[in-house]
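Dear colleague,

I am handing over the structure below, and I would be grateful if you kept it open while you read the notes that follow.

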Amino acid sequence: MSDDGSRARIRELEADNARLRRLLERQGSPGGLRHQVRNTLSTVREFVRRSADTGHSVEDYAAHLDGRLDAVLRVQNAIANGPGEGEVSLHALVADEFLAQAIGEGQRASIAGPEITFKPIAAGAFALVLHELAVNAVKFGAMTVPDGMIEVSWGVAAGEDAPLLTWAWTESGLSGLPEEPPRRGFGTEIIERSLSYQINAAPEVRLTPGGLHCTITLPLLPWVGAVTGGSRGAA
């Protein structure tokens, strides 16, 4: 990409950032949404800074930042159009990220779990985690090999103080992966730090011989809006 092209791409990203701010400001009603707006804008600022720190070139920086801003915009639009208090289906969050990364649900990826809706803060946190996991799978993980698969599943069980949601992302089809990644990037920080800070979740990310495995344990209250019986999934 030429210097003129790089500058044009950065201007496009700045325009996307401004559009995100306007969207969030429209949702900035009193109460929880205003708090959510502050959290999301803080996340965007961190994206800009850390994407610049970890990018090896202007093109790399633009690609990382563009993808992360798109993930934030998608979930904010889902919140704005969601029922009730802007709740978002967990199944829809996963399916939307699969679609954005051209991962074929029902072909090389499956989603299974009871119908669950997230409140806005939890939806935003999970959307960012999903984006990092999906991008990693496309660039370095299960989606880089013909037989690679991604399985996303979740369930609800009793905890010591309150019911817990356990959510799992499991990749398979790879071989010979090291037990520890060669480096820990910003994406890993998003998964491990933002979830525990924003919604009291307990994430665990590890590499297995067949691919990456991520488990997230989350108290249902106050982050989950509704849990209904039955399970929705794709074979």
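A crossing of two helices is called left-handed if the near helix is turned anticlockwise from the far one by less than a right angle, and right-handed if it is turned clockwise. Helices (H or I, at least four residues) and strands (E, at least two) are DSSP runs, numbered from the N terminus. This is a predicted model, in which local features need pLDDT of at least 70 and side-chain atom pairs count only at pLDDT 80 or more, while totals for chains, interfaces and linings use all residues. Residues are numbered from 1 along each chain as its sequence is written, and side-chain values use heavy atoms, with hydrogens and water left out.

The crossing of helix 4 and helix 5 is right-handed. The axes (lines fitted to C-alpha atoms over the stretch in contact, with angles from 0 to 180 degrees between N-to-C directions) of helix 4, residues 90-100, and helix 5, residues 120-139, come within 9 Å and cross at roughly 30°. In this pairing, L90, L93, V94 and E97 of helix 4 meet A123, F126, A127, L130, H131 and A134 of helix 5, where contact means heavy atoms within 4.5 Å.

A134, which lies in helix 5, is buried, with a relative accessible area of 0%; buried means under 20%, exposed over 50% and partly exposed in between, with a 1.4 Å probe and protein chains only. Not counting residues up to four places away in sequence, A134 touches E97, Q101, I103 and W169. The C-alpha atoms of A134 and W169 are separated by 9.7 Å, with the two residues 35 apart along the chain.

Best wishes
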